[in-house]
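Subject: Structure for your review

Dear colleague,

My notes on what was found in it follow directly after.

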Amino acid sequence: MTEPGQEETTAPKVKQAFKVCFCFRRMFKLRAAEPTAEIRQVFERYSKNGSMSIDDLHEFLLEFQNEPNATKENAQAIFDSFKHLSIFQRKDFHLEAFFRYLFSDLNSPLPPSREVHHDMNAPLAHYFIYTGHNSYLTGNQLSSDCSVDPIIKALRRGVRGIELDLWPNSARDDVDVYHGGTLTTPVELIKCLRAIKENAFHASDYPVIITFEDHLTRALQAKVAKMVTTVFEDYLYYTKSDHLETFPSPESLKKRIIISTKPPKEYLDDQKTKEKEIALERAKESAKLKSDSTKIIKEIKKNGKIDVPDEGAKEYHEDEDLRDAVPEYRHLITVHAGKLKGGLTNWLMVDPHKVRRLSLSEQELESAVRTHSTAIVRFTQRNLLRIYPKGSRLDSSNYNPLIGWMHGAQMVAFNMQGYGKFLWMMHGMFRANGGSGYVKKPEFLLNISPKNEVFDPNRTLPIRKTLKVTVHMGDGWHSDFDTRHFDLFSPPDFYTKVGIVGAKADSVMRKTRVIGDQWVPIWNETFEFPLSVPELALLRIKVLEYDPSGRNDFAGQTCLPVSELKSGIRAVPLHNHRGEQYKSVKLLMCFQFV
């Protein structure tokens with residue numbers, strides 16, 4: 001079988017043999033990918049005498065696929081893309097060619113990549129921003145290597161927020177990037193800066209925000225300032241003012257790089273409060289990691305804290321805020337970050353004359369939303385809120401991003417080198433708006449009522465629309481996987497889980513029946529999902545291979561932003577654990593909003 005879009009759909013059924021116990025072979029009839037009864041009905045509806053003309057295809061795009069802007073030129077382009085195929089022997093589509101089109105990359109469930117269609121002229125605070133955490137780490141948080149490779153990979157995926165932890169090198173005369181107080185191996189800051197410059201605008205022209213976690217002496221701050229200005233040159237954006245009254249727009253910052261950091265004194269204060277809270281939890285969870293992390297565990301158990309170089313700690317006491325930082329370094333900081341003195345109420349105060357960035361851990365956010373839910377929404381209407389993983393996530397796992405998004409948090413920072421459901425959700429959210437790394441926040445998160453009220457994330461909302469999803473069939477596993485990858489003695493038994501992750505009331509998962517012993521499963525099952533907050537809903541899809549033992553094998557996944565789903569029959573590419581798209585594996589699905 002060849003790649004999707006080029007597989008033969010009329011090939012006769014063939015047999016596949018599996019050897020069992022050296023004694024006999026089990027023979028299975030393999031189903032070729034061919035149109036289902038439902039696909040045939042659609043073709044018959046929009047064709048005449050088994051032939052679909054350009055006008056017929058145009059009508060199909062307008063009516064069934066609900067593409068009001070589709071033109072005859074679009075239909076012609078689809079025809080032209082299939083002219084080279086041996087089955088295309090005349091000027092019209094027949095059923096096979098139509099089926100190939102439906103399963104091809106030309107029939108995506110989302111608008112074309114790099115097609116930015118959100119209003120990009122609002123302040124930065126009005127957007128969700130694709131943000132990484134400890135962007136330099138290749139693996140776990142304790143003992144993995146630091147490298148430019150994960151930075152490059154993130155930027156090329158479209159990530160717009162990069163985090164770098166800055167520390168003096170061993171000689172105290174230069175700057176390294178690594179996770180302080182751990183066994184992670186350092187990488188030179190200058191290499192990171194060059195990698196950012198070379199890859200910043202590969203996937204998107206919209207601004208890159210670099211968050212510096214600054215653990216430096218004044219002399220090294222001056223050195224960083226020189227590095228940044230020398231490497232980034234005209235790409236670097238900074239203002240002459242000590243603060244901003246409002247953030248500029250992504251459109252005005254195209255192909256610009258922005259620096260964000262917070263007062264050095266605050267690093268020490270934050271660290272002291274966090275160390276005691278996470279030390280025990282870190283010690284427990286770190287046992288799951290590589291053996292070379294045991295030194296860190298012993299240090300934690302012995303001292304009850306994570307060791308930080310004394311010279312750096314002393315420096316933080318001296319630097320009360322950025323006013324005490326060297327001028328050439330301070331002037332480069334566009335997005336000022338930090339917490340006001342006092343508790344959460346003070347942290348969330350909105351200054352009508354000044355904007356800033358606030359950082360909260362996932363635990364702090366979970367606590368804050370119970371008591372200050374609307375205050376967080378109000379804060380994020382003007383200011384930036386960054387959420388980061390709790391310190392005990394030593395395996396570089398992640399957390400539920402929707403808690404932050406439902407409260408307007410723009411920079412929900414993730415460990416991009418990991419994998420799992422929450423990272424898949426992050427990838428799904430930022431497939432929106434052409435993969436630009438900026439997604440406009442829903443208006444309800446930005447509005448203030450005449451009574452000075454903002455959106456309450458805890459309020460129960462009415463159903464606004466219903467998404468109807470049909471899972472028709474799947475194909476491509478036989479091309480991308482070894483014959484015995486899923487089962488040694490028979491073809492795979494696939495089923496699909498499909499559902500919504502979003503507002504609490506909207507979140508639900510459903511699953512199809514298991515189709516046994518088939519590389520090309522046909523389900524034709526339909527599910528309906530009522531949505532109260534469709535703007536923040538993600539359609540989560542996961543295919544598994546059933547195993548009677550209960551240890552089902554992973555066979556692909558994707559997450560799609562519901563707000564951008566295209567109606568009609570669509571070819572949905574699946575991805576592996578790490579979010580990398582398979583070469584051939586796709587599902588044929590139908591989406592309708594009712």
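Arg172 lies in the loop between strand S5 (161-168) and strand S6 (175-177); helices (H or I, at least four residues) and strands (E, at least two) are DSSP runs, numbered from the N terminus. Although Arg172 is not a glycine, its phi is positive, at about 65°. With a relative accessible area of 35%, Arg172 is partly exposed; buried means under 20% relative accessible area, exposed over 50%, and partly exposed in between (1.4 Å probe, protein chains only).

Please note that this is a predicted model, in which local features need pLDDT of at least 70 and side-chain atom pairs count only at pLDDT 80 or more, while totals for chains, interfaces and linings use all residues. Residues are numbered from 1 along each chain as its sequence is written, and side-chain values use heavy atoms, with hydrogens and water left out.

A positive phi, near 65°, is also found at Arg114, a residue other than glycine. Arg114 is placed in the loop between helix H4 (95-102) and strand S3 (127-129), and it counts as partly exposed because its relative accessibility is 45%.

I turn next to the nonpolar cores. Such a core is a set of buried Ala, Val, Leu, Ile, Met, Phe, Trp, Tyr and Cys residues joined through side-chain atoms within 4.5 Å. The largest has 83 residues, of which Leu164 and Ile196 touch the most other members. Helix H7 (residues 218-232) gives the most to this core, namely seven residues. Beyond its neighbours within four places in sequence, Leu164 has contacts (heavy atoms within 4.5 Å) with residues including Tyr136, Ile151, Val177, Leu189, Ile196 and Phe212. A second, separate core comprises 34 residues, among them Ile500, Leu539, Phe554 and Ala555.

Strand S13 (residues 384-388) is mostly covered, with five of its five residues buried. In a regular strand, side chains alternate between the two faces of the sheet. In S13, Leu384, Arg386 and Tyr388 are buried on one side, and Leu385 and Ile387 are buried on the other. Two strands are said to pair if DSSP finds at least two bridges between them. Strand S12 (residues 357-361) runs parallel to S13 and is joined to it by five bridges, with Ser359 opposite Arg386. S13 also pairs in the parallel sense with strand S14 (residues 411-414), over two bridges, and here Ile387 stands opposite Val412. From S13 the chain passes through helix H15 (residues 401-406) to S14 in a right-handed β-α-β crossover; right-handed means that, with the strands pointing away from the viewer, the path from the first strand over the helix to the second runs clockwise.

Arg378, in helix H14 (residues 373-380), is partly exposed because its relative accessibility is 28%. Its side chain reaches the backbone oxygen of Asn452 at 2.8 Å. This is a polar contact, defined as a pair of N or O atoms within 3.5 Å; within protein, one must be able to donate a hydrogen and the other to accept it, and residues adjacent in sequence count only if both atoms are side-chain atoms. Gln557, in strand S21 (residues 553-561), counts as buried because its relative accessibility is 2%. The side chain of Gln557 reaches the backbone oxygen of Asn576 at 3.1 Å.

With kind regards
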